[in-house]
Amino acid sequence: MSKADAFAQAGKTAVRQNIHGTLAFLQKFPPFNQMDTAHLAYLVEHCQLRFYGEGDTIVQPDDGPVQHVYIVKQGRVHGQRPHSARRGDETTFEISTGECFPMAALIGERATRTAHLAAEDTFCLLLDKSAFVKLFSLSAPLRDFALRGVSSLLDQVNQQVQMRAVETLGSQYSLDTRLGELAMRQPIACAADTPLREAVKRMHEQQVGSIVIVDPDLRPLGIFTLRDLRRAVADGSSLEQPISGLMTRAPFHLPPGASAFDAAIAMTERHIAHVCLVEQGRLCGVVSERDLFSLQRVDLVHLARTIRHAGRVDSLAALRDDVRQLVDRMLAHGASSTQITHIITLLNDHTVCRVIELTLEDMGDPGVPFTWLCFGSEGRREQTLHTDQDNGILFEAEDGAAAAAIRGRLLPLAAEINQRLARCGFSLCQGNIMAGNPQLCLSRQEWSRRFAGFVREASPENLLASTIYFDLRVVWGEVQGCEQLREELLAQIADNRLFQRMLADNALRQRPPVGRFRDFVVARKGAEKDTLDLKVQGLTPFVDGARLLALANGIKACNTLQRLRELITGGIIDAQDGAAFEEAYHFIQQTRMQQHQLQARQGLPYSNRIDPDSLNQLDRRILREALRQAQRLQSSLTLRYQL
C-alpha cells in the first residue's frame with residue numbers, strides 16, 4: 001500500500017470513528033435516543049463540528065432567519081435578552097451538553113428572539129436547515145420533540161412509569177382506562193312506566209345493581225339502584241308502582257371517552273355507585289363501582305365511603321394509613337401528580353367533614369349555621385400527604401355584637417375540631433391559621449372588611465396573608481357566603497393596579513434555583529447543603545404567578561393548573577407558554593411526591609428538599625427546564641408590571 005493510500009485509509013478510519021463516536025454521544029440524550037438508527041446516522045453525516053470561544057456569539061436576532069440547529073457537544077451556552085427594567089442584557093437560561101437550539105425559530109422560519117453566547121469554550125454540532133427539514137418529516141421522535149419541547153421530555157418519563165406499571169398489572173389496569181372499555185355489556189334499561197316488579201326482575205336476571213330509565217330515544221331520565229330498592233321496601237311501595245316514581249332523576253353521566261379516574265372522582269364526590277355513559281344524548285353504557293374494582297388498585301370509592309361512615313375519630317386516624325397506601329400504589333403505577341393531589345384533597349375533605357360531624361354529635365349543635373373554610377394548598381386542592389391545617393369559620397351575623405356572641409359559641413367547637421384533625425394526621429398550623437383562632441372565626445362582614453384591608457393596605461404582612469387567604473373554598477356548610485366574599489374580592493383587586501403590582505413584586509420573591517454558571521443553585525452549607533427546595537423554589541413561583549394573574553383578571557378558580565388554563569382561554573397568557581408552565585409545574589410536583597413516597601418507605605420525616613445529583617440524567621434535565629419555565633413566568637410578570 002502506498003503512503004497516499006495509507007493516509008487515505010487512515011482518514012476513512014478516523015471519519016468512521018468520529019461518526020461512531022458522535023452517534024454514541026447523541027444516543028445518550030433525547031430526542032436522539034428515541035430516533036431510528038438510520039435517521040440518526042443521516043443526522044451525523046450532515047453535521048459539522050464548530051468551536052466557539054468563551055463569549056463568542058453563536059446565533060443572535062440580528063442574524064435573520066435561523067439556518068441551523070445547534071447541538072451542544074461540549075461546553076455551555078447562555079441565552080441572553082435585554083433586561084426589561086434596566087440597561088444591559090440578562091442571562092435568561094443556560095444550555096448544556098446534549099441540548100439543542102433554537103428549534104422553534106427554525107421551524108417558524110424566523111430569527112431567534114434570544115442571543116446565544118458561548119459561556120465557556122464550546123463545541124457545537126451544526127445541522128443545516130435542509131437536512132433538519134428532511135429529518136423532521138422522517139423522524140416522529142424528532143418531530144414530536146421539536147414541536148412540544150419540555151412536554152415531550154415529560155412524556156418520556158411518563159411512558160417509562162407506565163411501562164413499569166404494565167409489567168406488573170397489564171395495560172388494562174390504569175386510571176386512564178376509557179370508561180367505554182370498562183362498560184363491555186349493553187346497559188340494562190327500561191321505560192318510565194315499567195312496574196317496580198318487572199324492573200327488579202330484570203336487574204336480578206342480569207345480575208346488575210342498577211337499571212336506567214330511558215325515553216323512546218334512549219335519553220336517560222333516571223336510575224334505579226339497589227339502594228333505591230331498599231328504600232322502596234322500607235316505605236312499603238307497591239310492586240306494581242311505575243319505576244318513574246321511585247327512580248333517582250337526572251342521573252349523573254359522563255362520555256365513554258372519560259377516564260376511570262373521572263368516574264372514581266365523581267362517585268366519591270357525589271356518593272354514588274353508578275355512572276351512566278352518554279354519547280350524543282343517548283345511553284350507551286353504565287359503569288359501576290364494581291367495574292372500577294376490576295382495576296385492582298382503584299379502591300378510592302370504598303375508602304371514601306369508609307371515611308364518611310367512620311364512627312369514631314380514632315377510626316379516621318387509622319384510615320390515614322390506607323390513604324398513604326392508596327397514594328403509594330397510584331404513584332407506583334403511573335398516576336399523574338394532578339390526579340394524586342385531587343384524590344388526596346378529596347379524601348382529606350371527607351375526613352374533615354366527618355370530624356366536624358362527629359364533634360357536633362359529641363359536643364352538641366351550637367344552634368348557629370356556619371361554614372368551614374380552608375386556605376392555601378387545601379384551598380387550591382393541591383395537598384400532598386405532608387400537610388398542616390389552614391382553616392377558618394364563616395357565619396352570618398346582623399352586627400358586631402351578634403358576631404361576638406356567635407363567635408363565643410363556635411370557638412370551643414372549632415378548637416376541638418382542630419385538635420381532632422391533628423389526631424388524624426393534619427398537623428396544627430404553627431402560624432395558628434386555624435378556625436380555633438378568634439381572628440379566623442368571623443362573620444361574612446368581618447371577613448369582607450379583613451380582605452378589603454389586605455388590598456387597601458398592602459404591607460408585607462398583608463401581602464403574605466393574601467397568598468394564603470385568597471386561595472379559599474368551602475369544605476363543609478353553605479357555599480353562598482364564601483362566593484359573595486370571592487366576588488367582592490375580585491372586584492376590589494380589579495380596580496387596584498397598585499395592589500396588583502405589589503402582589504407581582506411579592507410573587508418574584510422566590511427565585512427558581514437555576515444560576516448563570518451552574519445547572520442548579522443549591523444550599524452551600526448546613527444540613528441543607530447541596531439541596532434545593534422543590535416546593536418553595538420550584539412550585540411557589542407558578543402558584544404565586546397564576547394567583548396574581550387570576551385575581552387581576554376576575555378568574556374565580558383557585559387551583560393553579562385550572563387558573564393557567566383559564567388564563568390561556570382568556571388570552572391573558574400565550575397558549576404555548578401556558579402549556580409549558582403546566583407541564584413544568586406537573587413535573588416538579590411529581591418529583592416532590594416521589595420524594596415523599598421514598599421518605600415514607602424509609603421512615604424519614606417528609607422534606608421538600610432534594611439533591612439534584614440524586615436524579616438520573618433525564619430527570620435532572622427536565623427539572624432544570626421546568627425551573628427555567630418558572631423563570632420565564634416571573635420574567636413575564638416583571639415585564640407586565642414594569643418591575
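This is a predicted model: local features need pLDDT of at least 70, side-chain atom pairs count only at pLDDT 80 or more; totals for chains, interfaces and linings use all residues.
Which residues does Gln500 touch, not counting residues up to four places away in sequence? The legends below start there.

View 1. Residues are numbered from 1 along each chain as its sequence is written, and side-chain values use heavy atoms, leaving out hydrogens and water. Find Gln500 in helix 20 (helices are DSSP runs of H or I with at least four residues, numbered from the N terminus). Leaving aside residues up to four places away in sequence, Gln500 touches Ile493, Ala494, Leu548, Ala552 and Tyr641 (contact means heavy atoms within 4.5 Å). Gln500 counts as buried because its relative accessibility is 5% (buried means under 20% relative accessible area, with a 1.4 Å probe and protein chains only).

**View 2. Helix 21 against helix 24.** Here helix 21 (residues 534–552) packs with helix 24 (residues 617–640) at an angle of about 35°, and their axes are 10 Å apart (axes are lines fitted to C-alpha atoms over the stretch in contact, and angles run from 0 to 180 degrees between N-to-C directions). Residues making this contact include Pro541, Phe542 and Leu548 of helix 21, and Leu623, Leu633 and Arg640 of helix 24. Eleven of the contact residues are nonpolar, five are polar and one is charged (Ala, Val, Leu, Ile, Met, Phe, Trp, Tyr, Cys and Pro count as nonpolar, Asp, Glu, Lys and Arg as charged, and the others, Gly among them, as polar).

**View 3. The largest nonpolar core.** Look for Trp447, Phe451, Tyr469 and Phe470, which touch the most other members of this 67-residue core (a nonpolar core is a set of buried Ala, Val, Leu, Ile, Met, Phe, Trp, Tyr and Cys residues joined through side-chain atoms within 4.5 Å). Helix 21 gives the most to this core, with ten residues. Domain 3 (299–495) and domain 4 (504–641) each supply at least three residues to this core (domain bounds come from an automatic or database domain assignment). Setting aside residues up to four places away in sequence, Phe451 touches Tyr469, Phe470, Leu472, Leu485, Leu489 and Gln492.

**View 4. Arg354 in helix 14.** Our last stop is Arg354, found in helix 14 (residues 337–363). Why does Arg354 count as buried? The reason is its relative accessibility of 12%. Not counting residues up to four places away in sequence, Arg354 touches Ile307, Arg308, His309, Ala310, Gly311, Leu316 and Glu361.

Terms used:
Helices (H or I, at least four residues) and strands (E, at least two) are DSSP runs, numbered from the N terminus. Buried means under 20% relative accessible area, exposed over 50%, partly exposed in between (1.4 Å probe, protein chains only).
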